[in-house]
Amino acid sequence: MSQDSQKKAAAEAAIRYVEDGMIVGVGTGSTVAHFIEALGPLRDRIEGAVSSSVQSTEHLHRLQIPVLDLNACGTLALYVDGADECDPAKRLIKGGGAALTREKIVAEAARRFVCIIDQSKQVDLLGHHPVPIEVIPMARSLVAREIVRLGGQPVWRDGVVTDNGNWILDIHGWRIADPKALEQQINQIPGVVAVGLFARRPADVVIVGGREVQILS
Ligand SMILES: O=C[C@H](O)[C@H](O)[C@H](O)COP(=O)(O)O
């Protein structure tokens, strides 16, 4: 089964968590694009969606799913998003598509975070995939130097500007034994907007696509 078919299978399996009248938090990326497609036929049964990126907002609009302002929604019942890596404790690396900051905000606002992935995303230890950090542009070099002190190798994702007008550093070379501690340390560096480590707020349910879809809860 191709990686994209696995993504689609996971995304379609996540639809069972959508209930009538819900406001659904929606992540970003190619796996979420399948979820948005599956959500389309339910547009009249849900109140709407809260989006984590311009890309997802445009997709939701194309399917006539109302996109709501998080500030007017309070706590969301459900957030569905993909990931770049997922460990057995459902901690994640996210941000391959540069949407990590808004994704973190919507995930934090949700009671249940359902993460949809293909099998290649499952790892024992996070860090094979670089860890993205969104930084305020003027702080790029400062943050990079601090990251080197923490043992990482920062690479500027040159040319990429986030939806918030910021830049991305991708940190290579880490095998992350304590993701929560590292998340906290990175968050303390001035100029860091968000880090794509989701350890303080891991997923609640992980759906792994495949011929047999696996649901880890
Ligand atoms: O910024 C992007 C997000 O964190 C994505 O959810 C993540 O990169 C996974 O993307 P995809 O579903 O395309 O593999």
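In the predicted model, three strands form an open sheet of 3 strands in the order 4-5-11, with antiparallel pairing. Strands (E, at least two residues) and helices (H or I, at least four residues) are DSSP runs, numbered from the N terminus, and two strands pair if DSSP finds at least two bridges between them. Strand 4 (85–86) and strand 11 (197–198) each have a single partner strand and stand at the edges, so one side of each lacks a neighbour in the sheet. Between strand 4 and strand 5 (residues 92–93), the antiparallel pairing runs over 2 bridges. Glutamate 85 has isoleucine 93 of strand 5 as its bridge partner.

This is a predicted model, in which local features need pLDDT of at least 70 and side-chain atom pairs count only at pLDDT 80 or more, whereas totals for chains, interfaces and linings use all residues. Residues are numbered from 1 along each chain as its sequence is written.

Around the ligand there are 17 residues, of which Gly29, Thr31, Gly82, Gly96 and Gly97 come nearest; a residue is near a molecule if its C-beta atom, placed from the backbone, lies within 6 Å of it. Helix 2 (30–39) and helix 4 (100–108) are the elements that give two or more residues to this shell. The shell comprises 4 nonpolar, 9 polar and 4 charged residues, with Ala, Val, Leu, Ile, Met, Phe, Trp, Tyr, Cys and Pro counted as nonpolar, Asp, Glu, Lys and Arg as charged, and the others, Gly among them, as polar.

Glutamine 188 lies in the loop between helix 6 (179–187) and strand 10 (192–195). Glutamine 188 counts as exposed because it has 8 C-beta neighbours inside 10 Å, the criterion for exposed being 12 or fewer other C-beta atoms within 10 Å of the residue's own, with C-beta atoms placed from the backbone.

Methods
Buried ≥ 20, exposed ≤ 12 C-beta atoms within 10 Å, placed from the backbone.
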